[in-house]
Amino acid sequence: MIISTDARTSPEHAGASDRNLLLAVSGLRKYFPIRRGLLRKVVGETRAVDGVSFEVRRGEMLGLVGESGSGKTTVGRCLMRLLQPTAGRILLYNAMAGVDLCGLSARKLRDIRPRLQMIFQDPHSSLNPRMTVGEIVGEPLIVNRVAKGTELNERVATLLELVGLNGDDLRRYPHAFSGGQRQRIGIARALALRPELVIADEPVSALDVSVQAQILNLLAELRERIGFSCIFIAHDLSVVEHICDRVAVMYLGRIVEIGDTDTLYRAPQHPYTEALLSAVPIPDPVAQRERTRVRLEGEVPDASSPPPGCPFHPRCRYAEPLCRECVPELRPIAEKSLASCHLSEKLNLKGV
Amino acid sequence: MEPLLEIRGLTTVFPTDDGTVCAVNDVTFSITPGKTLGLVGESGCGKSLTALSILRLVPAPGRIAAGSIWYRPKGGNAPIDLVRLCPHGDAIREIRGNEIAMIFQEPMTSLNPVYTIGNQIAESVALHQAADRKEARARAVEMLARVGIPNPRQRAKEYPHQLSGGMRQRAMIAMALCCRPALLLADEPTTALDVTIQAQVLELMKSLQQEFGMAILLITHDMGVIAEMADEVVVMYAGRVVEQGEPEAIFYKPLHPYTQGLLASVPVLGRRSKARLVAIPGTVPRLQRLPQGCAFRPRCSRRMPVCVEMPELEGASGAADASPNADHKVRCWLYDHQHGR
Ligand SMILES: Nc1ncnc2c1ncn2[C@@H]1O[C@H](COP(=O)(O)OP(=O)(O)OP(=O)(O)O)[C@@H](O)[C@H]1O
Ligand SMILES: Nc1ncnc2c1ncn2[C@@H]1O[C@H](COP(=O)(O)OP(=O)(O)OP(=O)(O)O)[C@@H](O)[C@H]1O
Ligand code: SF4
Ligand SMILES: [Mg+2]
Ligand SMILES: [Mg+2]
C-alpha cells in the first residue's frame with residue numbers, strides 16, 4: 001500500500017513536508033489478550049502500546065526511555081513487524097512516498113525488511129551458537145541474495161572490521177567471544193544490509209562500562225560514517241543523553257513527552273520525566289547523598305486496566321481534579337517539544 | 001561489629017583444554033551485618049563466580065581450590081566454613097534461601113517457565129519459612145507489590161514469558177527477599193529496570209537492611225548504583241581484587257589505572273558533551289592467556305618495566321597523591337615505595 005506524503009497525521013508533524021523524514025508512526029496500538037482458565041478464555045487485554053505517534057528523521061538517533069513494561073520493546077517489535085499491530089500506521093518513507101508497514105503482505109514485507117534492522121538486548125542469547133561468526137553476519141546477505149561466494153566473504157570481513165573485530169574471527173563460534181564482542185557481532189549483522197533504520201533494544205545494558213563506552217563510541221562513529229537512523233531503547237538516561245538527538249519518554253503504553261535531548265533534560269515538561277531524571281543514580285557518593293529524589297508514591301498501574309484521565313495521575317504529586325477525569329493530549333509545549341500534561345505551562349519542573 | 005561473612009584467599013578454578021584457570025584468584029574481603037559491599041569490575045573478572053562460590057553453586061567442572069568462607073549463622077551459632085560443606089548436602093541447602101539468598105544475573109535461567117511466578121515464590125516461602133500454602137501465597141503477592149509489580153494478585157498468576165524484562169527481574173527479587181535472608185547476594189539486580197523502579201527496589205533493600213540487619217553483596221556495573229548503595233567497594237580485574245576502599249576513596253581518589261579508566265568511561269547525567277567517551281583501549285585478557293605480572297598491563301598507559309611482576313594488594317600509604325590510609329588498598333606498582341613516582 002502506497003500512501004501519499006500528505007497523509008502524515010502525527011501531532012509532531014505539523015503538516016510541513018520534510019524531505020528528511022524516514023519514519024512516521026501514528027496511533028500505534030498493540031493489545032495482548034489476557035487468557036485464563038482451562039479453556040484459555042479471553043478475560044481482558046493488556047494495552048502494551050496504546051496510541052503511540054512519533055517520527056524519525058534520516059540520520060537521527062531517537063532515544064526511547066520510560067517505565068519498565070511501558071511498551072518500548074513492543075513498539076520496536078511492531079516496527080519490525082515481529083508483532084502485528086492492533087491498530088495504527090507505520091509509514092516508512094523513501095524520497096517520494098511512504099509505505100505503510102502495517103498493511104504489507106509477508107512478501108512485500110520481505111522487500112522492505114533490509115531497510116530495518118534490530119539489535120537485541122542480550123548478546124548471549126541472540127546469536128545462534130551453532131553458526132560461525134561469518135555465517136551469522138553473512139546470513140542476511142545470503143537470505144536477501146545480496147552477495148555470495150568470494151564477494152560474500154569480502155563483505156563479511158569488511159563488516160567485521162567496521163565493528164572492530166578481526167577478519168580472522170570469521171570461523172570462530174559466538175561462545176568464544178566476550179559479551180562486548182558478541183554485541184559487536186550483532187551490530188555487524190544488523191548493518192550487513194545497510195539498513196536505513198536500526199532499532200537497538202538496550203544494546204549496551206548487559207555490558208560493563210568500559211565495553212559499553214566502546215560500543216557507544218562505535219555506534220556514534222558508524223552513524224557518522226554510514227548515516228543510518230536509530231531508535232535507541234534504554235534505561236540508562238545518562239547514556240541516552242550522551243548519544244541521542246531526541247528522546248521520547250513512555251509511560252503505560254503512551255509517549256508522555258518527546259523533544260530535543262537538551263531541552264527535555266534541562267526543562268522537562270511532564271512530571272514523569274522529572275521523576276525519571278531525579279531517580280538516575282549518579283556516580284558521585286556525596287552528590288548522590290545530597291540529591292533529593294522525586295518519590296513516586298502509589299501503586300504502579302497496570303496496562304490491563306489503565307486509570308481514567310491522565311495515566312500518570314495516581315502517582316503524580318501535582319495532580320488536580322482535572323487530571324483524574326480528562327486524558328491529556330500530547331501537545332506542543334515548547335519549541336520542538338511535546339508533552340501530555342494538563343499543567344505543563346503552570347509547573348516549573350526540575351531538570352538536570 | 002563482627003563480620004557476617006569472611007572470605008579469605010578464595011580461589012575458584014576451572015580445568016580447561018589450555019590448563020587450569022583461576023577465575024577467582026586469592027580474593028579476600030568481609031561483609032558486616034547491615035552493610036553493603038559493592039563488587040565491580042570488567043565482564044568475566046569473576047564477580048558472579050565469587051557469589052556462586054559462597055553458595056557453593058560453582059558450575060562443574062569448576063571448583064574451589066583454596067581459601068575459606070566463614071559464615072556466622074542466625075541465632076549466634078559458631079561460624080562455619082562454607083568451603084568445607086558438601087555442595088549437595090543438607091547443611092548448605094539449609095543456608096541457601098533461608099540465610100543467604102541470591103538474585104541471579106539472568107532472570108530467565110532462575111525462573112521456571114512452566115510455573116506461574118506466584119507459585120514459584122510461594123513454593124520458596126513454604127519451603128524455607130514453614131508457612132502454609134495460603135499464607136505463602138499471600139506473602140508472595142505482598143512481596144510482588146513491594147518490588148513494584150503492578151496488579152500483583154493478577155500478575156502472580158502469569159508465566160514468566162508474559163512479563164516484560166523488568167517485571168521478570170522484579171519477580172526474582174521478590175523471590176530472594178521474601179525469605180528475609182541475613183545475606184543477600186545481588187548479581188546485577190536492577191539492570192533491566194527503569195530508574196524509578198530501580199530506586200524503589202534499592203530503597204526496599206535498604207529498608208530491609210535497616211529492619212533486620214540484612215547484609216548485601218551488590219554486584220553491578222552501574223557506578224551510580226554503587227555510589228548510592230555501597231559502604232565499601234571492591235574492584236576486581238581478571239580474577240583478582242585490584243582496589244578496595246570506601247566509596248569516597250574509590251570515586252574521588254581512584255588509584256588503580258583500571259579503576260580510573262572505569263570511572264572515566266561512565267557518561268554522567270547532565271554532563272553531556274559531543275565528545276566520545278573515554279573507553280579503556282583493548283579488551284580483557286582471556287584467563288588462559290593472562291599476561292605475566294599485572295593483568296592490566298597490556299591496556300595500561302602507565303605501565304613500567306617492573307609491571308611484569310605481580311604487585312601485591314597493599315595499603316595505599318606509599319602513594320604520593322594519596323593520604324596514608326590502610327583502608328584503601330591497591331594492587332599496582334605505581335604506589336610502591338621503590339617503583340612509584
Ligand atoms: N507476548 C506477550 N504476551 C502478553 N503480554 C505481553 C507480551 N509481551 C509483552 N507483554 C506485556 O506488554 C507490556 C509491555 O511490555 P514491553 O516488553 O513492551 O515493555 P518494555 O517497555 O520493553 O519493558 P522493559 O523495560 O521492562 O523491557 C507489559 O505489560 C507486558 O507484560
Ligand atoms: N565452565 C567454565 N569453563 C571455563 N571458564 C569458565 C567457566 N565458567 C566461567 N568461566 C570463566 O570464569 C570467569 C569469571 O566468570 P564470572 O561469570 O564470574 O564473571 P563476571 O565477573 O560475573 O562477569 P559479567 O560481568 O560478564 O557477569 C570468566 O572469565 C569465565 O570465562
Ligand atoms: S601495575 Fe602497572 S600495568 Fe598494572 S595498573 Fe599499575 S601501572 Fe598499570
Ligand atoms: Mg523491553
Ligand atoms: Mg556475572
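Student: What makes the approach of an oxygen atom of ligand 2 to a polar backbone atom of C45(B) a polar contact?

Tutor: The distance is 3.2 Å, and a polar contact is a pair of N or O atoms within 3.5 Å (within protein, one must be able to donate a hydrogen and the other to accept it, and residues adjacent in sequence count only if both atoms are side-chain atoms), so the pair qualifies. Please bear in mind that this is a predicted model, in which local features need pLDDT of at least 70 and side-chain atom pairs count only at pLDDT 80 or more, whereas totals for chains, interfaces and linings use all residues. Residues are numbered from 1 along each chain as its sequence is written, chains are lettered from A and ligands numbered from 1 in the order in which they are written, and side-chain values use heavy atoms, with hydrogens and water left out.

Student: Why are G44(B), K47(B) and Q105(B) listed among the residues around ligand 2?

Tutor: A residue is listed because one of its heavy atoms lies within 4 Å of the molecule, and the list also includes F14(B), A23(B) and L287(B). Helix α1 (residues 47-54) of chain B gives the most to this shell, with three residues; helices (H or I, at least four residues) and strands (E, at least two) are DSSP runs, numbered from the N terminus.

Student: How is the shell around ligand 2 divided by class?

Tutor: There are five nonpolar, five polar and two charged residues, where Ala, Val, Leu, Ile, Met, Phe, Trp, Tyr, Cys and Pro count as nonpolar, Asp, Glu, Lys and Arg as charged, and the others, Gly among them, as polar.

Student: Where does ligand 1 lie, and which residues come nearest?

Tutor: Ligand 1 lies between chains A and B, and of the 19 residues around it, S68(A), G69(A), K72(A), T73(A) and T74(A) come nearest. Its shell comprises four nonpolar, 12 polar and three charged residues.

Student: How do you know which atoms of chains A and B approach an oxygen atom of ligand 1?

Tutor: The distances are 2.7 Å to a polar backbone atom of G69(A), 2.8 Å to a polar backbone atom of K72(A) and 3.3 Å to an N or O atom in the side chain of R155(B). Of the 630 Å² that ligand 1 exposes when taken alone, the protein buries 85%.

Student: How many residues of chain B and chain A are in contact, and what area do the chains bury?

Tutor: Counting contact as heavy atoms within 4.5 Å, 56 residues of chain B touch 59 residues of chain A. The two chains bury about 4,700 Å² between them, 54% of it on carbon and sulfur atoms, and L269(B), R272(B) and R276(B) supply 17% of the area that chain B buries against chain A, more than any other three residues. Buried area here is the accessible area (1.4 Å probe) that two parts lose on being put together, summed over both.

Student: What makes the bond between A60(B) and P61(B) a cis peptide bond?

Tutor: Omega is about 5° at this bond, and P61(B) lies in the loop between α1 and β4 (63-71) of chain B. Most peptide bonds are trans.

How values were computed. Areas by Shrake-Rupley, 256 points an atom, 1.4 Å probe, with all protein chains shown as cover.
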